[in-house]
Amino acid sequence: MLTEFILTSLARFLSGASVRWIDCQPDTCQRVYFANHTSHLDMILIWSALPANVRKLTRPVAAKDYWDRGPLRRYMAKTYNAMLVDRKEIKVHQSPVDMMLREVGATDSMIIFPEGGRQAGETVGEFKSGLYYLAKKRPELELVPVYIDNMNRVLPRGEFLPVPLLSCITFGPPMWLEAGESKNDFLTRARDAVLRLKEVE
Amino acid sequence: MLRDWLLVTVVVALLGTATAVGQIVQRQPHLGLNAAALATFNRRVRVWWIFYALLLVAFFSPTLTVAIFGLMSFEALREFITLTPTRRADHRALFWTLVFFTPFQYIIVGYNYYELFSIFIPVYAFLFIPARVAIAGDYKRFLERVAKIQSGLLICVYCLSFAPALLYLNFQLGDGVDRHAASPNDKARLLFFFITMALLSEAFQFIWSQLYGRHVISPTINAARTWEGLVGGSASTALAGMLLHWATPYPLLWQSAFMAMVIAIMGFAGAMTMSAIKRDRGVRDYGTLVEGHGGVLDRIDAICFAAPVFYHITRHLLGVG
């Protein structure tokens, strides 16, 4: 509890984050928050931007190769109730998508970064297919696009000291997989939904 | 002591009246007043309350006042840098600027190391920044990038830090046998005078511009600033400075008027400079840049430019050496 409070406050202070909800409200219904990814703080930021009751039911999905290294990171990942996914060894019978869906069950929401890794600068990379399979297997989940602005300046890839500038987290209107929508169309539409939040005043 | 209570009473009475009027008028839509102007007025009154709460702190704890000004600088600087595009290679220079130079400047102000805090940023920080950016190895628009970081640090941190530094100015009061060192309350009153004149000059310039403004100084930068506003506003501020002479440490009446005028003119210069930067970046207020952040820089631009000049002229007039 205390660790959660300290880390959340620290992340908020360092990133000066302001939170906006556009055509969307915080809710405890089951959701998949998908966001662009530029810094290690992203996971903590989105998680701490959610109201406490929603936060309790939300599990960030994070890379095992980063968050499982060293006791401190493992401890932090535990504080955030993170699901650690192995990016290196993806087994056929144990796909990360199945694992995630099993973990969230019928109550929890999750935070994912569909680019599959941090991007350099302001660009938003192509989305990996995980989001599509999530939507296909559980079509009733609300998919909420999230755009994180300016974090690439707060803590760019390859740096370990954050510069406490001001960043902004924007939650957008939920979307779903349309009937008969192809994988590529859906992933492009999802990426555009994130990019559109960048333009919103 | 009596003087301080008098000040508190007058300020609370005036601000209370302004708040009451603003709130009452807001609940009377049939009067047909400009709703936007009224909202601006109420917002301004709130800002005044915040500044006077801060000044009240100055009467009790100079250290706490320095810390609060330090936080204001930090917030203003991060607004400034967020608004200014920087490149990836500036990261380390920005880190040192925000995490080291900013707090350190306020620490040395708090210890009153005048010899150091008056040159620390313009010498050491200003030489460090270009060197650090150069080491990072990106030469594209080098001078421009360095200048951006330096300007932010100079305006938001160095200049503003001279306002709380007034609380540590060791001047003498009275003359002849009566001559004695200034008490902490005398110094707090000096800061009170400075902030009050800065806030008043903004209000006076606005009112004069609204009533008599004909000749806009620079329409491309700020369409609301007129010559009538500047001249009328500065003269009114000088008059207000004379009325507050009893609260200042200046021996002569004209010195209070002169210092008030200096604050008005420097405040004007600060507001124009910030307008130019905002115009260049295509925003109206720093506050709207990031929702939920108060736009600290919008509120302190006038104070930033006036503070170091006010500090140094006061130092000279009061013969601090």
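At what angle do helix H6 (residues 96-104) of chain A and helix H7 (residues 130-137) of chain A pack? The angle is about 50 degrees, and the two axes lie 10 Å apart. Here an axis is a line fitted to C-alpha atoms, for helices over the stretch in contact, and angles run from 0 to 180 degrees between N-to-C directions. That makes H6(A) oblique to H7(A). Under 35 degrees would count as roughly parallel, over 145 as roughly antiparallel, 65 to 115 as roughly perpendicular, and the rest is oblique.

Hello everyone, and a word on what we are looking at. This is a predicted model, where local features need pLDDT of at least 70 and side-chain atom pairs count only at pLDDT 80 or more, while totals for chains, interfaces and linings use all residues. Residues are numbered from 1 along each chain as its sequence is written, and chains are lettered from A and ligands numbered from 1 in the order in which they are written.

Let's stay with that pair in chain A. On the H6(A) side we find Pro96(A), Val97(A) and Leu101(A), which meet Gly130(A), Tyr133(A), Leu134(A) and Lys137(A) in H7(A). Two residues are in contact if their C-beta atoms, placed from the backbone, lie within 7 Å. By class, this contact has five nonpolar, one polar and one charged residue. Ala, Val, Leu, Ile, Met, Phe, Trp, Tyr, Cys and Pro count as nonpolar, Asp, Glu, Lys and Arg as charged, and the others, Gly among them, as polar.

Now step back to the whole of chain A. It has nine helices and seven strands; these are DSSP runs numbered from the N terminus, with helices (H or I) of at least four residues and strands (E) of at least two. With 201 residues, a compact globule would have a radius of gyration near 17 Å, and the 16 Å of chain A agrees. That radius is taken over C-alpha atoms, and the globule rule is 2.2 Å times the number of residues to the power 0.38. Buried residues make up 41% of the chain, where buried stands for 20 or more other C-beta atoms within 10 Å of a residue's own, exposed for 12 or fewer, and partly exposed for in between, with C-beta atoms placed from the backbone.

How do the chains meet? The contact takes 13 residues from chain A and 14 residues from chain B. In chain B, helix H3 (62-83) and helix H4 (91-110) each supply at least two residues of the side that touches chain A.

H3(B) also has a partner inside its own chain: it packs with helix H7 (residues 142-165) of chain B at about 165 degrees, axes 9 Å apart. The two are therefore roughly antiparallel. Their contact includes Phe69(B) and Met72(B) from H3(B), and Leu153(B) and Leu160(B) from H7(B). In all, its residues divide into 13 nonpolar, four polar and no charged.

H4 of chain B holds Trp96(B). Is Trp96(B) exposed or partly exposed? Partly exposed, with 18 C-beta neighbours inside 10 Å.

Last, some backbone angles. Most residues other than glycine have a negative phi. Asn81(A), however, has a positive phi, near 60 degrees, and sits in the loop between helix H5 (71-79) and strand S4 (83-85) of chain A. Arg141(B) also has a positive phi, near 45 degrees, and is exposed, with 12 other C-beta atoms within 10 Å.
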